[in-house]
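Here is a friendly walk through one structure, from helix packing to the sheet, the ligand and a few backbone details. Please have the model open as you read.

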Amino acid sequence: DSVEQLDAALIGCRACPRLVEWREEVGRVRRRAFADCDYWSRPVPGFGPANAPLVIVGLAPAAHGGNRTGRAFTGDPSGDVLFPALYDVGLATRPTSTDRDDGTELVGVRITMPVHCAPPDNKPTIAERDACRPWLMRELTLLRPTTRVFLAFGAYAWQALLPILADSGWIVPRPRPGFGHGAEVELEHQADGQRVRLIGCYHPSHRNIATRTLTPEMLRDVLAQAAHAAGL
Ligand code: SF4
């Protein structure tokens, strides 16, 4: 199958009862600012071309962001920080991401996540993460022919990604390398010797930005590092 077919199938997934209830509930009880919006309230697929050399892995859609608009990092404070940075380093066609039909496109990068439905408090359970694992595993396998760099947004993404990569044939060092902002690990695929780099970056969450744990400059620098490593 193709990435497009995978995305189409994903949108119908109802495997996690708590998340199905939450994603629909959030759409019913809307925030006042979004009272007129038609919430997506379904799983949010990856965003970006299927032949992207750079694959960004986040956490999960935001309740009033991706869960509202149907596109990753779209219509929420994280996207407001991420898209100007992507645009600055040539990875997005526009510096904003407000709606799934706003015309913004990603260039050489695909953004996906280990959990595709918005969780309460942005905290999926281990069972929910595990239920969603086959979707990410399948997507990464489909993307593999052109992947050169994985960029993990936050420790959660890093820790979700490493076992998936190990189970997909990538040789992951033992003990498993720890997450760090700017951390880099080179991985080789045991089937054919393909090499990719895994890079860590603090998640551009509202909290990390508000506390200046991650500044827009730091984000731009890591995106530039990842783009360079991916040959973009
Ligand atoms: Fe399906 Fe993943 Fe959503 Fe769970 S989180 S319902 S596995 S798409």
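Helix α4 (residues 77–88) packs against helix α8 (residues 216–229) at an angle of about 45°, and their axes are 9 Å apart. Axes here are lines fitted to C-alpha atoms, for helices over the stretch in contact, and angles run from 0 to 180 degrees between N-to-C directions. Helices (H or I, at least four residues) and strands (E, at least two) are DSSP runs, numbered from the N terminus. α4 and α8 are therefore oblique to each other; angles under 35 degrees count as roughly parallel, over 145 as roughly antiparallel, 65 to 115 as roughly perpendicular and the rest as oblique.

This is a predicted model, in which local features need pLDDT of at least 70 and side-chain atom pairs count only at pLDDT 80 or more, while totals for chains, interfaces and linings use all residues. Residues are numbered from 1 along each chain as its sequence is written.

The crossing of α4 and α8 is right-handed. A crossing is called left-handed if the near helix is turned anticlockwise from the far one by less than a right angle, and right-handed if clockwise. On the α4 side, V81, P84, A85, L86 and D88 meet P216, L219, R220 and L223 of α8, where contact means C-beta atoms, placed from the backbone, within 7 Å. By class, this contact of α4 with α8 has seven nonpolar, no polar and two charged residues. In that scheme Ala, Val, Leu, Ile, Met, Phe, Trp, Tyr, Cys and Pro count as nonpolar, Asp, Glu, Lys and Arg as charged, and the others, Gly among them, as polar.

What about helix α1 (residues 3–10) and α5? Their axes come within 10 Å and cross at roughly 165°. That makes α1 roughly antiparallel to α5, and the crossing is left-handed. V3, L6 and L10 of α1 make the contact with W135, R138, E139, L142 and L143 of α5. The contact of α1 with α5 divides into six nonpolar, no polar and two charged residues.

| Helix pair | Crossing angle | Handedness |
|---|---|---|
| α4 and α8 | about 45° | right-handed |
| α1 and α5 | roughly 165° | left-handed |

Now to the strands. In what order do the six strands of the open sheet stand? The order is β2-β1-β3-β6-β5-β4, with mixed pairing; two strands pair if DSSP finds at least two bridges between them. β2 (109–112) and β4 (170–171) stand at the edges with a single partner strand each, so one side of each lacks a neighbour in the sheet.

Strand β5 (residues 184–189) and strand β6 (residues 195–201) run antiparallel and are joined by five bridges, with L187 opposite V196 in β6. These two strands form a hairpin with five residues between them, and G193 in the turn has a positive phi of about 75°. On to β4, which pairs with β5 in the antiparallel sense over two bridges; W170 has H189 in β5 as its bridge partner. Helix α6 (residues 155–167) lies across β1 (54–57), β3 (149–153), β4, β5 and β6, running at about 145° to β3.

Which residues are closest to the ligand? They are C13, C16, P43, C117 and C132, in a shell of 15 residues; a residue counts as near if its C-beta atom, placed from the backbone, lies within 6 Å. α2 (17–28) and α5 (126–143) each supply at least two residues of this shell, and α5 gives the most, with four. The shell has twelve nonpolar, one polar and two charged residues.

Two backbone details remain. A cis peptide bond joins R174 and P175, with omega about -5°, and P175 is found in the loop between β4 and β5. S41 has a positive phi, near 55°, in a residue other than glycine; S41 is in the loop between α2 and β1.

Technical notes
Two residues are in contact if their C-beta atoms, placed from the backbone, lie within 7 Å.
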